[in-house]
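Please examine the sequence and the model shown here before reading the report.

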Amino acid sequence: MSLCESVLEILEQQSRQQHYSKVSRVWLEIGALSSVEPDAMRFCFDAVMQGSLAENARLEIVTVRGQAWCLQCNKNVLIEQRYDTCPACGGFQLQVNDGEQMRIKELEVE
Amino acid sequence: MCTVCGCSEGETTIEHTHEHEHHHGKHSHTHDYGSGAAHAHAPGLSQARMVQIEQDILSKNNQYASDNRDYFSKHGILTLNLVSSPGSGKTSLLTETIALLKDQLDISVIEGDQQTTHDADRIRATGVKALQINTGKGCHLDAHQICHALENLKPAAASILFIENVGNLVCPASFDLGEAHKVAILSVTEGEDKPLKYPDMFYAADLMILNKVDLLPYVDFDVAQCIQYAKQVNPRIKIVQLSAKSGIGMESWVQWLNASRAMQLVDFSETA
Ligand SMILES: Nc1nc2c(ncn2[C@@H]2O[C@H](COP(=O)(O)OP(=O)(O)OP(=O)(O)O)[C@@H](O)[C@H]2O)c(=O)[nH]1
Ligand SMILES: [Zn+2]
Ligand SMILES: [Zn+2]
Ligand SMILES: [Zn+2]
């Protein structure tokens with residue numbers, strides 16, 4: 001919920017800088033390791049955008065898979081959750097390097 | 001995100017707030033909400049276009065958090081963000097901790113709660129300064145609210161500031177308040193798998209307090225398993241087992257507090 005409010009805040013702020021009055025589509029990039037549930041995000045989005053410049057805007061969520069560097073295998077591996085072990089060697093020495101983001105990428109505006 | 005500025009939903013209330021200067025005054029934050037729709041276009045013409053913004057959803061919060069962090073660092077204030085599910089014993093732990101330490105050092109408390117001022121009243125009864133932030137529907141505190149609370153609370157230099165976050169193990173994990181450490185409090189009545197169910201929170205915390213250990217004989221709770229889960233999510237996490245009620249284990253917590261406080265004071269001098 002609060003994340004949607006932060007999104008709206010950014011949309012409002014950017015509307016002044018980029019001169020638009022209506023947002024019809026919003027692309028979010030959400031990492032699989034961030035604490036965001038895409039379904040919950042969709043659910044809140046419509047409610048929060050009601051009555052705003054992004055009322056009825058379409059939400060597009062681009063999911064980014066979790067990735068980490070395995071010190072033992074010396075390569076990047078895909079992980080589903082933060083506490084996963086390395087799928088190749090089963091090791092714990094993983095440094096997460098992708099999939100934590102929560103970003104607004106792009107907007108379609110009028 | 002506060003009624004002071006009218007910058008957002010208008011659900012939040014901060015006790016006794018009147019000033020409107022931000023203590024750091026660096027960022028100008030615009031409070032002209034709703035006036036954004038100035039550039040209306042002629043009907044019939046489609047003006048659709050794409051705008052790249054590439055902005056982190058939490059960037060605004062993180063900016064406030066970083067301002068708060070500077071403020072704490074400048075004044076040598078150790079700030080701890082206490083997070084947990086409802087009822088794990090945050091307020092009890094605070095009142096007991098204050099009773100142990102208030103003669104030796106300055107302590108103040110920011111209480112986050114959705115509705116009541118009940119917790120702040122409990123803290124004030126111990127004789128230290130406390131300020132309540134009611135978040136309304138909001139399920140966490142954000143850095144902007146803390147920034148305003150600081151203007152009113154004005155914690156002393158070289159003091160400890162506790163922030164009792166809203167009881168919720170999800171949202172507070174994402175919102176940096178500028179604190180030195182998040183402390184996750186888990187009680188033995190909640191089940192040992194909490195760290196696996198809410199990994200983001202336990203990953204973000206530097207210390208996990210396992211509270212209500214006085215109840216261990218009566219509940220089915222596997223302490224070793226719980227610790228293993230927590231370390232699995234966050235290998236660096238430290239764990240203290242205690243009971244706010246009986247007082248067992250409180251000295252380990254105080255030890256951790258003193259060590260953290262010493263770290264915060266390393267580059268601080270009263271005269272600076
Ligand atoms: N047995 C036992 N009970 C405790 C302990 N610590 C707290 N409690 C009890 O747990 C209940 C909740 O404690 P609070 O301190 O209000 O918990 P809280 O986390 O502040 O609760 P919220 O602010 O509502 O999220 C109270 O009835 C306390 O008396 C403990 O160490 N042992
Ligand atoms: Zn590996
Ligand atoms: Zn403000
Ligand atoms: Zn929330």
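The report below treats a metal site, a helix and a ligand shell in turn.

## Basis of the report

This is a predicted model, in which local features need pLDDT of at least 70, side-chain atom pairs count only at pLDDT 80 or more, and totals for chains, interfaces and linings use all residues. Residues are numbered from 1 along each chain as its sequence is written, chains are lettered from A and ligands numbered from 1 in the order in which they are written, and side-chain values use heavy atoms, with hydrogens and water left out.

## The zinc site

Four cysteines of chain A, namely A:Cys70, A:Cys73, A:Cys86 and A:Cys89, coordinate the zinc ion (ligand 2) through their SG atoms at 2.2 to 2.4 Å. Donors are N, O and S atoms within 2.8 Å of the metal (3.2 Å for Na, K and Ca); water is not among the atoms, so sites may look incomplete. Along the sequence, the spacing of the donor residues is C-x2-C-x12-C-x2-C.

The angles among the 4 donor atoms are 104 to 115°, and the site is tetrahedral; four donors receive this label if all angles lie between 85 and 135 degrees. For four tetrahedral donors the ideal angle is 109.5 degrees.

A:Cys70 counts as buried because its relative accessibility is 0%, whereas A:Cys73, at 25%, is partly exposed. Buried means under 20% relative accessible area, exposed over 50%, and partly exposed in between (1.4 Å probe, protein chains only).

## Helix α4 of chain B

Helices (H or I, at least four residues) and strands (E, at least two) are DSSP runs, numbered from the N terminus. The buried residues of α4(B) include B:Ala143, B:Ile146 and B:Leu150. Among the elements that cover them are α1 (59–75) and β5 (129–134) of chain B.

At the N-terminal end, B:Asp142 caps α4(B), with a side-chain oxygen 3.0 Å from the backbone nitrogen of B:His144. After α4(B) comes B:Lys154, which has a positive phi near 40°.

## The surroundings of ligand 1

Ligand 1 is surrounded by 17 residues, and B:Lys90, B:Thr91, B:Ser92, B:Asp214 and B:Ala244 are the closest; a residue counts here if one of its heavy atoms lies within 4 Å. The largest share of this shell, 3 residues, is given by α2(B).

An N or O atom in the side chain of B:Arg122 is 3.0 Å from an oxygen atom of ligand 1. B:Asn211 places a polar side-chain atom 3.1 Å from an oxygen atom of ligand 1.

Methods
Tetrahedral: all angles 85-135°; square planar, octahedral: opposite > 155°, others 65-115°. Contact = heavy atoms within 4.5 Å. Polar contact = N/O pair within 3.5 Å; in protein donor to acceptor, adjacent residues only side chain to side chain.
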